[in-house]
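Student: Can you walk me through this fold? Keep it quick.

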Amino acid sequence: MYNSMKLPNSKTISIPVVQELGAKDPDALPQRYIRGKQASITTVSNHSNSIPMIDMALLSINHECRQQVMEKLAFACQEWGFFQVVNHGIPVSLLEQMKEAVRGFFQLPLEEKLKYGIQEREGYGQAFVVSEEQKLDWSDMFYLITLPEDIRNMDFWPTRPVNFRGTVKEYGMETQKLAHKLLSLIAETLGLKGESFINPGGQWMQGTRMNYYPRCPRPDLVLGIGPHSDATDITILLQDDDEIGLHIRKDEEWVPVQPIPGALVINIGDMIEVMSNGKYKSIEHFAVPNSKRERISIAALGLPTKEVQIGPHPQLLDDTHPPLFTTFIRGDFDKNFFQNRLEG
Ligand code: OGA
Ligand code: NI
């Protein structure tokens, strides 16, 4: 069972639907998914559990508590690029409802899902496919532009499961609130005005990537999503609680992120790395499937709109802190960006 998609060079190719591979023969593992040596990056370290945890309830207790949280946040952004949040204000019932709505979508018959097949970047398909020869990820995904409302393309929004649209809209609003709160706290840790990173001269938008990692007979040989950093300002990740999937780079190691029920995983994306002039890092990460059951994760990807100019914030620059990045138009940002990164 195949899905068709367009490569960056405009050629249309067919890509297997991973969920269907598993459904046909649960123990089959086509060669195109076997990573060989690369899979050894799943070697884990003893850093487990040490990604910083931010309890947002402590922000409103008293000044001293707030200071401590802000210091921890600055540390997390600088040393890890990743942290988890609890007491983030999004009801746990909505997190569960969101995961169920997404699970419900992936459980639809293939013909139904293919009605929302990927075009450009939006829709149901496989992420990060750029060539016909490359190794493939052990995952299917469904990507929607969720905010602002007026750029949603409702043709991609499934009508089933019945509560899908309502849930995704509500989850989008709630994650927007949280993203803005975090962006403003992060700006504050750098001595900047709260809104500095939210609307640097444009609108804020959100894409939602729903990832489905089918159960895999040999998770040690494949990757669910290969190593990448997110081209976002920040990403809010909601994941299944029962198995570890996400791994992040910490110094020279890959650290597994232990899911915590009710918590959300936050990571600094490329835009904040640039706007903070490299002080805060957009960290590489990857995900693995597991052999017991499918895994679902939902990444709420925050971004300034396409026309916005992104560059190091002027207040962070002086004679001893020259810009480490050239300023660019957000819409021109692509995979080659880091090759053009200025030295230093
Ligand atoms: C992503 C991502 C990780 C995961 O969607 O960008 O990194 O655990 N997902 O699914
Ligand atoms: Ni990611």
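Tutor: What follows covers the sheets, the helices and a few single residues. This is a predicted model, where local features need pLDDT of at least 70, side-chain atom pairs count only at pLDDT 80 or more, and totals for chains, interfaces and linings use all residues. Residues are numbered from 1 along each chain as its sequence is written, chains are lettered from A and ligands numbered from 1 in the order in which they are written, and side-chain values use heavy atoms, with hydrogens and water left out.

Student: OK. What's the strand order in the sheet of eight strands?

Tutor: S3-S4-S12-S9-S14-S7-S6-S5, as an open sheet with mixed pairing. Strands here are DSSP runs (E, at least two residues), helices are H or I runs of at least four, and both are numbered from the N terminus. Two strands pair if DSSP finds at least two bridges between them.

Student: Which strands sit at the edges?

Tutor: S3 (53-55) and S5 (123-125), and each pairs on one side only. From one strand to the next, the twist averages 25°. Axes are lines fitted to C-alpha atoms, for helices over the stretch in contact, and angles run from 0 to 180 degrees between N-to-C directions.

Student: How does S3 join S4?

Tutor: By three bridges, with the two strands running parallel. Methionine 53 stands opposite glutamine 84 in S4. Aspartate 55 faces valine 86 of S4.

Student: Is S4 enclosed or open to the outside?

Tutor: Four of its five residues are buried, so S4 is largely enclosed by the rest of the structure. Buried means under 20% relative accessible area, exposed over 50%, and partly exposed in between (1.4 Å probe, protein chains only).

Student: New topic. Which strands does H3 lie across?

Tutor: H3 (residues 92-106) lies across S5, S6, S7, S9, S12 and S14. Its angle to S14 is about 110°.

Student: And how does H3 pack on H5?

Tutor: Their axes are 9 Å apart, at an angle of about 135°. H3 and H5 are therefore oblique to each other. The scale is: under 35 degrees roughly parallel, over 145 roughly antiparallel, 65 to 115 roughly perpendicular, and the rest oblique. H3 passes H5 in a left-handed crossing. Left-handed means the near helix is turned anticlockwise from the far one by less than a right angle; clockwise is right-handed.

Student: Which residues meet there?

Tutor: From H3, they include Leu94, Met98, Val102 and Phe105. From H5, Phe164, Val168 and Tyr171 are among them. Contact means heavy atoms within 4.5 Å.

Student: What about H2 and H5?

Tutor: The axes of H2 (residues 63-80) and H5 come within 9 Å and cross at roughly 90°. That makes H2 roughly perpendicular to H5. Arg66, Met70, Leu73, Ala74 and Cys77 of H2 meet Leu185, Ile186, Glu188 and Thr189 of H5.

Student: How many disulfides turn up?

Tutor: Zero, in a search of the whole structure. A disulfide is a pair of cysteine sulfur atoms within 2.5 Å. For cysteine 65, the nearest cysteine sulfur belongs to cysteine 77 and is 19 Å away.

Student: Cysteine 216, buried or exposed?

Tutor: Buried, because its relative accessibility is 0%.

Student: Back to sheets. What's the order in the sheet of four strands?

Tutor: S8-S13-S10-S11, open, with antiparallel pairing. S8 (225-228) and S11 (253-256) stand at the edges with a single partner strand each, so one side of each lacks a neighbour in the sheet. Neighbouring strands are turned by 20° on average, direction ignored. Three bridges join S10 to S13, and histidine 247 has phenylalanine 286 in S13 as its bridge partner.

Student: Where is aspartate 241?

Tutor: In the loop between S9 and S10. Leaving aside neighbours within four places in sequence, aspartate 241 contacts Glu96, Lys99, Pro259, Ile260 and Pro261.
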